[in-house]
Amino acid sequence: MCMNPIVVVISGLQTEDKKIFMGSIVPRFPLIVFILFNFLDNIHAGVTSSFIRSEWPSDDMPLDNDAFAVPNGYNAPEQVHITQGDYNGKAIIITWVTPDEPGSNQVKYGKEEKNYDFTAEGTVKSYTFYNYTSGFIHECLIDDLEYDSTYYYEVGEGESARSFWFQTPPKIGPNVPYKFGIIGDLGQTYNSRSTLNHYVESGAQAVLHVGDLSYADKYEYDDMGVRWDTYGRFAERIQAYNPWISTAGNHEIEYMPYMDEVVPFKQYLYRYPTPYAASESSSPLWYAVRRASAHIIVLSSYSPFVKYTPQYKWLKAEFKKVNRWKTPWLIVIMHVPIYSSNSAHYMEGESMRAAFESWFVKYKVDVVFAGHVHAYERSHRISNIEYDVTGGVSYPVPDKSAPIYITVGDGGNQEGLASSFNDPQPDYSAFREASYGHSTLELINKTHAFYHWNRNDDGKKVATDSFVLRNQYWKKRKLEENDLHAITPTPELDAY
Ligand SMILES: [Fe+2]
């Protein structure tokens with residue numbers, strides 16, 4: 001019997017009340033909250049949020065919206081975006097589009113604003129999609145960067161040149177703090193814009209995008225290319241500064257025989273390069289990077305992954321490379337959720353679960369982020385690796401070695417929300433809500449991280465679903481005084 005008065009008070013509340021109570025005391029008593037969150041972590045009572053999202057338009061913003069404004073100047077670079085360029089975070093790939101002519105492939109960069117010590121030479125290409133012809137897509141790899149440094153860079157020429165900045169991650173290490181934002185199924189609506197605004201307010205340093213970017217495939221013929229361009233200009237406000245580590249969703253496939261366009265992922269791959277070769281992948285659609293204290297594995301839901309396929313063989317080899325002493329946090333991102341109790345896309349992730357779930361458990365993956373379902377849902381630690389098609393064992397069970405599965409396909413695209421959850425809520429589902437939002441994962445040290453899901457409606461001060469995530473590999477390590485000090489929230493976190 002628990003005699004701690006605070007625990008007794010909490011135990012007497014309904015689960016929904018517990019969350020409200022927790023939210024009210026988070027700012028003032030972070031250590032108590034940490035203890036209580038760990039207590040609540042053991043409660044297996046799923047919550048379906050009663051929050052009803054007010055109706056906002058889910059339409060794409062019109063082409064003349066200021067979010068899509070073309071930068072001033074002849075042939076001015078647009079759609080600037082960056083992603084990690086190597087395995088360990090010392091390189092970056094910069095991509096931009098010039099509309100009128102190829103222009104320069106050069107990137108000027110350095111540690112002082114407007115005073116660039118270095119240049120790098122990239123490449124340029126373009127493509128056609130039906131009768132649409134893309135702008136000139138430039139791609140430039142900058143390597144040998146110093147860790148934990150701010151770099152300024154400039155692309156374009158003369159008066160049309162544009163400058164931006166990025167920050168390299170700290171050197172890889174077990175206790176290196178880092179904050180990721182997780183965004184999925186973003187699109188280019190007013191809700192998408194709200195999501196990006198909230199991401200900025202969260203103070204995250206890099207984006208894990210779980211697929212379905214522009215939703216350009218909701219259009220036809222030449223308008224598809226046009227909507228890839230508007231998406232690129234819209235997302236530039238973040239993508240030019242924070243690296244986006246992306247996977248491809250179904251809206252990137254664009255298999256359109258009626259337009260004679262039958263090469264899957266064509267527009268996505270022209271526009272969004274990945275550092276796949278650095279992790280010895282044979283395809284830009286699946287790869288891995290290490291960043292700060294995290295090893296991030298990016299999987300492709302729409303590429304072959306069954307036994308003997310290239311993705312299967314690559315993942316088998318990649319898991320063996322993971323070193324939890326250097327990168328304690330093991331994160332997997334994919335598009336289709338393996339566990340989701342939403343009626344939208346129900347069970348679509350079952351085939352990848354059958355292929356990979358046993359590895360997720362064996363290698364103690366901390367968390368799997370997915371999108372596809374336009375709602376938010378978080379699972380308990382469960383697995384279905386005992387599934388036996390002839391023996392009738394077919395239900396997920398609690399499994400302390402399993403990852404937490406989080407669906408965050410709620411970036412705000414034009415298809416709207418997936419508001420129909422299966423009823424009753426299955427035991428494996430911990431929390432679910434049909435709203436727009438994004439998540440943050442703040443790695444504190446090798447044992448603990450703060451996780452937040454932020455509902456767009458509430459502004460930056462409300463984290464709707466939050467908990468302390470204990471590292472799967474290191475969680476049995478005894479907490480020491482310094483660790484407790486290290487996980488005390490910063491003043492910035494207190495604002496949530
Ligand atoms: Fe999707």
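## Helices, strands and the model

The protein chain has 10 helices and 26 strands; these are DSSP runs numbered from the N terminus, with at least four residues (H or I) for a helix and at least two (E) for a strand. Residues are numbered from 1 along each chain, as its sequence is written. This is a predicted model, in which local features need pLDDT of at least 70, side-chain atom pairs count only at pLDDT 80 or more, and totals for chains, interfaces and linings use all residues.

Here pLDDT is the predictor's confidence in each residue, from 0 to 100. Its mean over the protein chain is 88, and 85% of the residues reach 70 or more. In residues 1–43 the pLDDT is below 50, and this stretch has 31 contacts in the model beyond near neighbours in sequence. Residues 480–496 also have pLDDT below 50, with 21 such contacts. Two residues are in contact if their C-beta atoms, placed from the backbone, lie within 7 Å.

## The nonpolar cores

Of the 496 residues in the protein chain, 47% are buried. A residue is buried if 20 or more other C-beta atoms lie within 10 Å of its own, exposed if 12 or fewer, and partly exposed in between, with C-beta atoms placed from the backbone. A nonpolar core is a set of buried Ala, Val, Leu, Ile, Met, Phe, Trp, Tyr and Cys residues joined through C-beta atoms within 7 Å.

The largest nonpolar core has 87 residues, of which Ile296, Val368 and Phe369 touch the most other members. This core lies between domain 2 (48–60 + 174–494) and domain 3 (66–166), because both give residues to it; the domain bounds come from an automatic or database domain assignment. Leaving aside neighbours within four places in sequence, Phe369 is in contact with Ile182, Leu208, Val210, Ile333, Ile406 and Val408. A second, separate core of 18 residues includes Ile82, Val155, Phe164 and Phe166.

Helix H7 spans residues 310–321, which makes 12 residues. From first C-alpha to last it reaches 17 Å, close to the 16 Å expected at 1.5 Å a residue, where the expected span is 1.5 Å times one less than the number of residues.

Which residues of H7 are buried? They are Gln311, Trp314, Leu315 and Glu318. These residues cover an arc of only 100° around the axis, so they sit on the same side of H7; the arc is that of the directions from the helix axis to the C-beta atoms. Strand E15 (287–291), strand E16 (294–298) and helix H8 (350–362) are among what covers them. The face turned away from the buried side carries the exposed residues Lys313, Lys316, Ala317 and Lys320.

## Some residues in loops

Two loop residues have a positive phi without being glycine. Alanine 292, with phi near 60°, lies in the loop between E15 and E16, and counts as buried because 23 C-beta neighbours are inside 10 Å. Tyrosine 308, with phi near 80°, lies in the loop between E16 and H7, and is exposed, with 7 other C-beta atoms within 10 Å.

Next comes a cis peptide bond, from aspartate 423 to proline 424, with omega near 5°. Proline 424 lies in the loop between strand E22 (404–408) and strand E23 (429–433).
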